Structure formats: structure tokens, C-alpha cells
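Open the model in your viewer and keep the selection tool at hand. The stops below go from one side chain to the next.

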Amino acid sequence: MKWITARRRHPLAGYVVVILALALFGVGYAALAPTSDQAQAQTLAVDAPSPDDVNVLEGKQVFTQTCATCHNYDGSGTEQGPDIRAVGPAAVNFQVSTGRMPSMDPDTQMPRKPMAISEEALQNLIAYYNAEIRTDDLGPDIPYDVPGEAPQRDRFESEEAYEAAVEEYQTAYEAYVQGAEDTDMGMRLYLTNCAHCHGWSGGGGALTDGRWAPEIHDASPRQIYEAMVSGPGAMPMFSDGVIEPQEKQELISYVKTLQSEPDAGGIFALERVGQVAEGLIAWVVGLALIIACAIWITAKQRAHD
């Protein structure tokens, strides 16, 4: 035991102890981190827009005015924008409904903003895309069985029609979100596949090359689903073969439930990165301070000796 006594008096011994302690905490956290599993859910049937409700010719006009400059008139792309013939209508609906397209600066990541065109114009645009631009039914379809955004008052002629649409939407929304049978499974799916970029609370986070993962608090269930199957920007694509529709419902249900949770706040809220991560940070900082104090005390003692 003399060699241990001799080495613990070495000037670097304290730093070695700190490094070993941090490594131990890191390995323990990695071993206990949640992994994905199977989930089961129910889906809500919502009809797609009727062919009578869309106008392909008007959709062509929308595409020509807002999309063709960057994506070319046949969707094959230009130096300013990528080829969109195989991305699928889900990608088009996501980008336009979240206001990210049309973009005034193709080289810059666009934040979420109000939609630049009307809902009717978007439906016409998607009808034209499916009829003339899309290649051989490639790319994911719009998940019409997942609730979209809540109705807006300016889209209705009367207050009665608006209130009826809101009631119908709330019924569909609650049926989808509350229809998930295992929200805990949705949590595990989210923490495994999403939280490392979008944060534990869905508040977003920084990525490389000046990009960022956006916050998802304002995203509708359909937009979250479309983002998963289309993989916008730096986001990986989670097709229905990777995460099944039932599993996506569990995940989305967890995200929407998470958004309703109150934020305790505080000066050390750490942007709600998660109780486990926050506890780990507290343990690491506290342990480091204790070890630093121990090293300082022993150093003073050696000086007196």
C-alpha cells in the first residue's frame, strides 16, 4: 500500500481523481440512457381534400410564382434550389405550411413563420405537384389521418362556421393525442431519436455549421409527422419503416403532452434539458467542487508539514 500512499501525494493525483470520477459518471449515464422499443397506438381517420376542393391550374400558377425560380418549372432544381420531384407532397406541405418556403435566401436556414399563401392555395399547389411534378409517386404522402393546424378565423365567412370547425378540430386532436396507449414509450422514442438535437423540452438547440434544430412547440401533430418522414434540413429521415405510424403517434403524443407541462423556471433551469441531465450536471459540478476543496486542503497540509 506504500506505492498508493506515495502516488496520492503526487501533484497530479487530484486531477487524475477528477478525470476518473467524471468518466465513471459518463459511463454510468450512457449505460442507463433509454433505448427505443415497440409502441402501439390508434390512428384517427380524417379524409383528404376532395378533388372538387382543389384546382390544379391555380396550383400551377402558385408554383410558377413562388417555387419555379429556385426549383425550376419542372421541379428539377437549379443552382438556388434542390430537385423536389422525389421529395413527396409531405415535404412540400411541411415546408410551405411552416412558412419556411418560399425562401428569399436559399443559402440560409429559414425559421418558422406564418404561411405566405392561403390554405386553399397550398392545397392547389400540392394538387399540381402530385399531378405534374412528382416522379412515380416517390416520397412520403401527407398523413391526413394526423391532425394539422387549428382552423384560423379569417378562413371562415361566419363565426358559427369557425366555431364548428374549431370544435371538430379539437375533437380530432384530442382523439389522436389521447389515443396513444403508451406515452412512456413515446418518451423513450423521443429521447432516443430527437432530444439530442431538439432538447428534452423541445426548445431546440445549436448544430454544426451555424445551423440549429428548431423548437417544436408550435408544430402541429401533422407537421411533426411530416418532418420525421421527410427529414428537412439536417434532420435524419424516419420513414414508417424505421418508426412505425403507431410509434410516431406515441412520440407525438408525448411531445404535445410535454408542451403542456409547466416550467418551474429558476436561475438554473438549464432550458429544461431534462431532470436526468440536470441532476447529472449538479452531481458533476458538486463532485468537482468537493474534490477541488480536498486537493486544496491537502496541499495546504503538505505545505505545513
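Begin by selecting R153, which is partly exposed because its relative accessibility is 32%; here buried means under 20% relative accessible area, exposed over 50%, and partly exposed in between, with a 1.4 Å probe and protein chains only. Before going on, note that this is a predicted model, in which local features need pLDDT of at least 70, side-chain atom pairs count only at pLDDT 80 or more, and totals for chains, interfaces and linings use all residues. Residues are numbered from 1 along each chain as its sequence is written, and side-chain values use heavy atoms, with hydrogens and water left out.

**Salt bridges**

The term stands for a side-chain nitrogen of Lys or Arg within 4 Å of a carboxyl oxygen of Asp or Glu. E159 is partly exposed, at a relative accessible area of 35%. By this rule the count is seven salt bridges.

Next select E149 and R112, whose side chains meet in a salt bridge at 3.1 Å, N to O. E149 lies in the loop between α6 and α7 (159-178), and R112 in the loop between α5 (89-97) and α6, so this pair ties together parts that are 37 residues apart in sequence. Helices are DSSP runs (H or I, at least four residues), numbered from the N terminus. E149 is partly exposed, with a relative accessible area of 38%, and R112 is partly exposed as well, with 27%.

Move to K248. Which residue forms a salt bridge with K248? The partner is D240, with the closest N and O atoms 3.0 Å apart. K248 is buried, at a relative accessible area of 0%, while D240 is partly exposed, at 36%. Show Y225 too: K248 lies over its face, at 5.4 Å from the ring centre. That placement requires NZ of Lys or CZ of Arg within 6 Å of the ring centre and within 35 degrees of the ring normal.

Now select E247, in helix α11 (residues 245-259). E247 is buried but has no salt bridge, and the nearest side chain of opposite charge, K248, is 6.9 Å away. For charge, Lys and Arg count as positive and Asp and Glu as negative; His and the chain ends are not counted. A polar atom of the E247 side chain lies 2.8 Å from the backbone nitrogen of E244.

**Aromatic pairs**

Rings of Phe, Tyr and Trp (its six-membered ring) pair if their centres lie within 6.5 Å; planes under 30 degrees apart count as stacked, over 60 as edge-to-face and the rest as tilted. By this rule the count is four aromatic pairs. Select F63 and Y128, a tilted pair at 5.7 Å centre to centre and 50° between the planes. F63 is in helix α3 (residues 56-66) and Y128 in helix α6 (residues 119-133), 65 residues apart. Both F63 and Y128 are buried.

Then select Y190 and Y254, another tilted pair, at 5.8 Å centre to centre and 50° between the planes. Y190 lies in helix α8 (residues 183-193) and Y254 in helix α11, so the pair ties together parts 64 residues apart in sequence. Y190 is buried, with a relative accessible area of 1%, and Y254 is buried, with 9%.

**Cysteines**

How many disulfides are there, counting cysteine sulfur atoms within 2.5 Å? The count is zero. Select C70: the nearest cysteine sulfur, that of C67, is 8.9 Å away. C70 is buried, at 17% relative accessibility. End at C194, where the nearest cysteine sulfur, that of C197, is 8.8 Å away.

Terms used: Helix = DSSP H or I, 4+ residues; strand = E, 2+ residues; numbered from the N terminus. Polar contact = N/O pair within 3.5 Å; in protein donor to acceptor, adjacent residues only side chain to side chain. Disulfide = S-S within 2.5 Å.
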